[in-house]
Amino acid sequence: MAMSAAATDGTGPATMFEKIWRRHVVVDRPDGYTLLYVDRHLLHDGSYNAFKRLEAAGMKVRRPDRAFATPDHYMPTNTRDKSAIVDPNHRRMVVGLAANAAATGVTIFDIGDSRQGIVHVVGPEQGITLPGITLVCGDSHTSTHGALGCLAFGVGSSEVTHVLATQSLWQRKPKAMRVTIDGALGFGITGKDVILAIIARIGAGGGTGHVLEYDGSGIRQLSIEGRLTLCNMSIEGGGRAGMIAPDDTTYEYIAGRPYAPKGEAWDRAMAFWRTLPSDDGATFDREVTLSGPEIAPMVTWGTSPEDAAPVTDSIPDPALAADAARRDGQARALAYMGLEPGTPISEIPVDRVFIGSCTNSRIEDLRMAAQVAKGRKAQIPSWIVPGSGLIKEQAEAEGLDQIFKDAGFEWRDAGCSMCVGMNGEIGKPGERIASTSNRNFVGRQGKGVRTHLVSPAMAAAAAVTGHFTDVRHMLKA
Amino acid sequence: MSGSETTKLIPFDRLTATAVAIDRPNVDTDQIIPARYLALPREEQVSHLFHDLRYRDDGAPREGFPLNEPTAAGAQILIAERNFACGSSREHAVTVLVDNGFRVFIAPSFGDIFNNNCFQNGALPIRLPEERIREMLDHLARRPDARITVDLDAQTVTGPDNWTQSFEIDSFRKQCLLTGSDDISLTLRHEPDIAAYERRAEAHADWL
């Protein structure tokens, strides 16, 4: 029997977050701390220390059936041969994950298995991520999974050990914030543009201490891929997690995936999932609303994801900043980025393009980039790094790889690659990269590298024109 | 279950030390320790704290970066601006700070994951109002050798002119820091609760 999510509550309308939280309480302490049960736990090749700590303490993995691993951060994306990893420390991470999985009984999608990929792409793709669950991973972009209507958040390495040992975590209940996108999004506007517009509004720390629920007609129209992109960058707005209520789009996406329920279990799950959306009249600690039709293709110009502007804008002038701290911050960011105030964003030349990462490496992202690349030529080095082996295969079955290759793009294997550069795939100092990843921090894509965050369509447009271009004109053409 | 006696953390109660100020908002954990050092053994990460802000391309210390000032030697308190240590969940951001002697971080706000990671490593993140941080930074600019006292039990930060500011902390986290107990040993005492939860939950959601 599926229990109503709010069955333990007798006190009126609840948010989706509240319903999922309550359902996972193991122990509530009087001091406000909760031991929260973790339904599913994702691991990657950066989880080395967490396993090492567990072993050193002589502890076992409590629920290996609830943990799933895949190497993504340290694996190069130009080879599938682990022995080809040059740096011994990197190789230790990738090889170590397989050894740890084998020793503990944790399921692994290893290199050579087409299910391998970026952990936040693999979870939803395999049906491991499901509505109503709690899911954690030792990676800040775990917020991605909330797109399917679950509570998913990133944790540190010690907390990974804790989850391995106890399948639970001590948490203080975050606050809830609703971000409403009111009205339909314009032509060519993607989940990436929406989240960059949100972060520009609330600031990089705007969601700190909150779980963000996205709602409104502008959200409902998004595909699951678009929703995953949106929730992925919740952390860039400071959010503990991001979530979107499940609907028919969600159920269609989940149905038939390997780890999703089937048959009668599916019916029981559906009955529960339909109780998850926030009740009418549920109150949020904070509400923010953006107008959907007003969101334009976004480009970041600085060194924080909050430094984002429509492609039709110009680089801001620090002299006009609200206060001295902001003025200094903007000036420092523009100095690093090598940009002058007042320069139209569409006139900024780009040196390199990276299409990939847990933010934007899914099939829809590749389709949109291919639509722009088709029949055109990349003017600058441009990489496509699919989010998983399965996405790579699907793209090849659809002929997308050929479109990219014909346009001079490099077609690579699945992994985090140049989003974080841990595997050594980085840009050159001073290089300006149009990137579909999630962080434009100083040095994120290599020392001295200047990162501009954009959608896959905008990245492809930059690739074929050599500068930022309002992709809406190219999609219409 | 074996291993319930896990590593004890060094208890934290009271600290009097000098402080270093990182005077800019949104300092992300990529700045605290760049990704290229994360695969190194912990002991080799120590020298890479704030690496790219701290050192020039030729490896020489960058003049003007607070950690390169002579007064930074021995500092155990770091004062920062809003949204300190946002971004990546890398726990190395805490451990590299701890291994460089820092036990207390004071800022108007922290990245949530960094905040949690601090408590896993015996470090204390303190949130103070922006105006108070501004005053502390101004004071520190005039007197970089000023000693600050952090008293966890009393929940106060006291400056050299005897100004005192109280701070909030979850009593759960406070007790863990004061006793140096780690989460896992506490949780293992709740093993029967976890097992009972699992029986309950699996009856309701048998598809997981």
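This is a predicted model: local features need pLDDT of at least 70, side-chain atom pairs count only at pLDDT 80 or more; totals for chains, interfaces and linings use all residues.

## Nonpolar cores

The largest nonpolar core holds 90 residues. The members that touch the most others in this core are Leu151(A), Ile181(A), Ile198(A), Tyr214(A), Leu230(A) and Trp273(A). Helix H6 of chain A, residues 191-202, gives the most to the core, with seven residues. Ile198(A) is in contact with Val179(A), Ile181(A), Tyr214(A), Leu230(A) and Leu290(A), when neighbours within four places in sequence are left aside.

Another core, of 89 residues, lies apart from the largest one. Among its residues are Ile363(A), Trp411(A) and Val464(A), and also Phe105(B). In soluble globular proteins, nonpolar side chains tend to be buried together.

## The largest pocket

The volume of the largest pocket is about 1,200 Å³. Its lining consists of 43 residues, and those closest to the centre are Thr303(A), Gly329(A), Arg332(A), Ala333(A) and Val442(A). By residue type, the lining divides into 17 nonpolar, 14 polar and twelve charged.

Helix H11 of chain A (324-337) is one of the elements that give two or more residues to this lining, and H11(A) supplies the largest share, seven residues. H6 and strand E14 (308-310) of chain A also give two or more, as does helix H3 (51-54) of chain B. In terms of domains, at least three lining residues come from each of domain 2 (178-224 + 283-294) and domain 3 (298-476) of chain A.

## The largest cavity

Five cavities of 30 Å³ or more are present in the structure. The largest cavity contains about 420 Å³ of space. Of the 32 residues in the lining of the largest cavity, His44(A), His73(A), Gly138(A), Asp139(A) and Met422(A) lie nearest its centre. Helix H2 (48-56) and helix H5 (157-166) of chain A are the elements giving two or more residues to this lining.

The lining of the largest cavity is made up of twelve nonpolar, 15 polar and five charged residues. The largest cavity lies between domain 1 (16-175 + 239-273) and domain 3 (298-476) of chain A, because both give residues to its lining.

## The second largest cavity

The second largest cavity holds about 110 Å³ of space. It is lined by 15 residues, and the closest to its centre are Ala204(A), Ile235(A) and Gly238(A), together with Cys86(B) and Gly87(B). Eight of the lining residues of the second largest cavity are nonpolar, five are polar and two are charged.

How values were computed:
Residues are numbered from 1 along each chain as its sequence is written. Chains are lettered from A and ligands numbered from 1 in the order in which they are written. Side-chain values use heavy atoms; hydrogens and water are left out. A nonpolar core is a set of buried Ala, Val, Leu, Ile, Met, Phe, Trp, Tyr and Cys residues joined through side-chain atoms within 4.5 Å. Buried means under 20% relative accessible area, exposed over 50%, partly exposed in between (1.4 Å probe, protein chains only). Helices (H or I, at least four residues) and strands (E, at least two) are DSSP runs, numbered from the N terminus. Contact means heavy atoms within 4.5 Å. On a 1 Å grid over the protein atoms alone, a cavity is a set of points where a 1.4 Å probe fits but cannot get out, and a pocket is an open set with protein on both sides within 12 Å along at least five of seven lines; lining residues have an atom within 4 Å of a point. Grid points are joined across faces, edges and corners, and a volume is the space filled by probe spheres set on the points. Ala, Val, Leu, Ile, Met, Phe, Trp, Tyr, Cys and Pro count as nonpolar, Asp, Glu, Lys and Arg as charged, and the others, Gly among them, as polar. Domain bounds come from an automatic or database domain assignment.
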